Amino acid sequence: MGKVWALGFACWLLVSPLVLAQSLPGPPECKADTMKKIAFGVGSSAAQSEGAAAVGGRSPSVWDVFAKQPGKIQDGSSPAVATDFFNKYKQDIALMKSMGVKNFRMSISWSRLLPQAVKGSSPSSDGVKFYRAVFKELKDNGIEPAVTLYHWDMPQVLQDKYQGFIDRQIIEDFTYYADVAFKTFGDQVKKWTTFNEPWVTCNLQYGNGDFAPGVQYGDSGKWKCGHNLLLAHANAVRLFRQKYNSDKKGRIGMALWSEWSEPWTDKFEDKRAAQNKIDIDFGWFADAIHFGDYPAQAKKTQSAFLPVFTEEEKKLLRRSYDYMGLTIYTAKFASEVPGNPNGWWVRTTDVNGKVVGQQAESYWLYNVPWSINRMLTYMKNRYDNPYIWVLENGISEKGEGNRVGMGPDTLRDPLRTDYFRGYISEACKAVESNGVRLTHYFAWSFTDNWEWREGFKTRFGVVRIDFANPQLPRGIKDSGRWLSEHVFKKSGQTKQ
């Protein structure tokens, strides 16, 4: 008990009778053997959690600059402090251990490790020291890291120099950054992800400008971004395989954003519309890293903007992953666009007007458990039954950003608890009934984070943070207690 109190982040909440008295749902519908074969864990990202934005020579990311522009962030906040993981990582890792967490997905800040960001520049000794200390602390607590190299936080210096992913120079600079990371941390990290959700990067960061850097490059920029990002990924994977993974103990892949598209009706036209959306949104990157080229649908409909891979580039891209990473949150219905066989309409209600699932705080997110089963099974069938890692899955509870203090009621999140039970049960069904090779699952997210344009208004954490309190106290929510009891403590650790 004394050790818990010494952590100093309101740990009384973890043992309060009022909290423990709250009844929770039963375990997910999974066989015990299935649970042991999947490495369950939690996730976070550097920009959303680290803080310490100007410490140790770290240079600004595009989000540091973007957040200073009036009106860009809903609550006027910034990632300057975020969850203060930079200073509180030992406390957070101890909390993970107390919950039975054995796997932690995190990202490295390119700006912290390589402040100048370009090929040939020197790593920051402070940046290296920080990440090595984090990885050591994880190992000492029996937790394995899975590390993402790019989670939307482009160094501002590269944006200023050549507009980031718009220029092919990013391929060379990202590969160098990956080389530094593999060389510096390869003895501590065996599981790597090159890019997080490139669909978001290229649609929102380098397409419509909704996300940092906030420049509207349009359709041309969107597809150019994807092209350069894919080649950066493939070059980093080749480097990893040739130079750093001769013993074959490491794994590398990409985190692919998805939103399952269910045909609105059984009509051929609606089925075609759903497939169109999957091809453009998911196949854009998944087909490229598996087959070595874009989906036929993308080539047919985006020829005015879509760059073309050379035969050598196609060969480099083909099977440029050890696992296929997936981020999935929800599903929508897709219906035909009359007169446009290449299009689709997105719907949130079925033909009878029933909503696809309970809506979250996030306007785009609904609780649709069967979506993960559909998506996993689709990936198995289309991509030759790959090893799959679910790198993000979670939901924002309505109204959490308005809660005050750290009383027991602030830790109630019945929607999130129900969400995890449903999605994990459906993931197990995909494994047990459909033969999907799911080996990792990371709940998003470990703590409440700084949620990009929504600031601290929207919360995804299974651990609450009181951002109004300068000490940033932590408290485990009901969903975290449920995951701890029924998932994390029954989880395995796997290399696949």
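This is a predicted model: local features need pLDDT of at least 70, side-chain atom pairs count only at pLDDT 80 or more; totals for chains, interfaces and linings use all residues.
**Entry 1. The largest pocket**

I began with the open space in the model. The largest pocket holds about 840 Å³. I looked up its lining and found 33 residues. Those nearest the centre of the pocket are Leu 204, Phe 211, Tyr 363, Trp 364 and Glu 454.

The largest share comes from α12, which supplies three residues. By class, I noted 14 nonpolar, 13 charged and six polar residues in the lining of the largest pocket.

Is β5 enclosed or open, and why? Twelve of its 13 residues are buried, so the strand is largely enclosed by the rest of the structure.

I next looked up the pairing of β5. Strand β4 (residues 191–196) runs parallel to β5, and four bridges join the two. Within this pairing, I recorded Gly 253 in β5 as the bridge partner of Thr 193. Strand β6 also runs parallel to β5, and here the bridges number eight. Glu 262 has its bridge partner in β6, namely Phe 333.

**Entry 2. Helix α7**

I checked whether helix α7 (residues 85–99) is straight or bent. A straight helix of 15 residues would span 21 Å at 1.5 Å a residue, but the end C-alpha atoms of α7 are only 18 Å apart. I also found a kink of about 35° in α7, centred on Gln 91. Just after the helix, Gly 100 takes a positive phi of about 85°.

For burial, I listed the following residues of α7 as buried: Phe 85, Phe 86, Lys 88, Tyr 89, Asp 92, Ile 93, Ala 94, Leu 95, Met 96 and Met 99. I noted that Lys 88 and Asp 92 are included in this list.

**Entry 3. The cavities**

How many cavities of 30 Å³ or more does the model contain? The count comes to five.

The largest cavity holds about 90 Å³. It is lined by 13 residues, and the closest to its centre are Ala 46, Ala 47, Arg 58, Asp 64 and Pro 79. Two or more lining residues come from each of α5 (46–49) and α6 (62–66). I sorted the lining of the largest cavity into five nonpolar, five charged and three polar residues.

The second largest cavity has a volume of about 60 Å³. I recorded its lining as Ser 44, Ser 45, Ala 46, Ser 49, Glu 50, Phe 85, Phe 104, Met 106 and Ser 107. Here the elements that give two or more residues are α5 and β2 (103–107). β2 gives the most, with three residues. The classes in this lining are four nonpolar, four polar and one charged.

I cross-checked two names. Ala 46 lies close to the centre of the largest cavity, and Ala 46 also lines the second largest cavity. Phe 85, a lining residue of the second largest cavity, is one of the buried residues of α7.

**Entry 4. Helix α19**

I looked up the cover of helix α19 (residues 478–486). The helix is mostly covered, with eight of its nine residues buried. These are Asp 478, Ser 479, Gly 480, Arg 481, Trp 482, Leu 483, Ser 484 and His 486.

**Entry 5. Two single residues**

I examined Tyr 441, which lies in strand β11 (residues 437–444). Is Tyr 441 buried or exposed? Its relative accessibility is 1%, and buried means under 20%, so Tyr 441 counts as buried. I also took the separation of Tyr 441 and Tyr 131, which are 310 residues apart along the chain: their C-alpha atoms are separated by 23 Å.

Ser 396 lies in the loop between β10 (387–392) and α18 (414–434). With a relative accessible area of 0%, Ser 396 is buried. The C-alpha atoms of Ser 396 and Lys 136 are separated by 31 Å, and the two residues are 260 apart along the chain.

Notes:
Residues are numbered from 1 along each chain as its sequence is written. Side-chain values use heavy atoms; hydrogens and water are left out. On a 1 Å grid over the protein atoms alone, a cavity is a set of points where a 1.4 Å probe fits but cannot get out, and a pocket is an open set with protein on both sides within 12 Å along at least five of seven lines; lining residues have an atom within 4 Å of a point. Grid points are joined across faces, edges and corners, and a volume is the space filled by probe spheres set on the points. Ala, Val, Leu, Ile, Met, Phe, Trp, Tyr, Cys and Pro count as nonpolar, Asp, Glu, Lys and Arg as charged, and the others, Gly among them, as polar. The expected span of a helix is 1.5 Å times one less than its number of residues. The bend at a residue is the angle between axes fitted to the seven residues ending there and the seven starting there. Buried means under 20% relative accessible area, exposed over 50%, partly exposed in between (1.4 Å probe, protein chains only). Two strands pair if DSSP finds at least two bridges between them.
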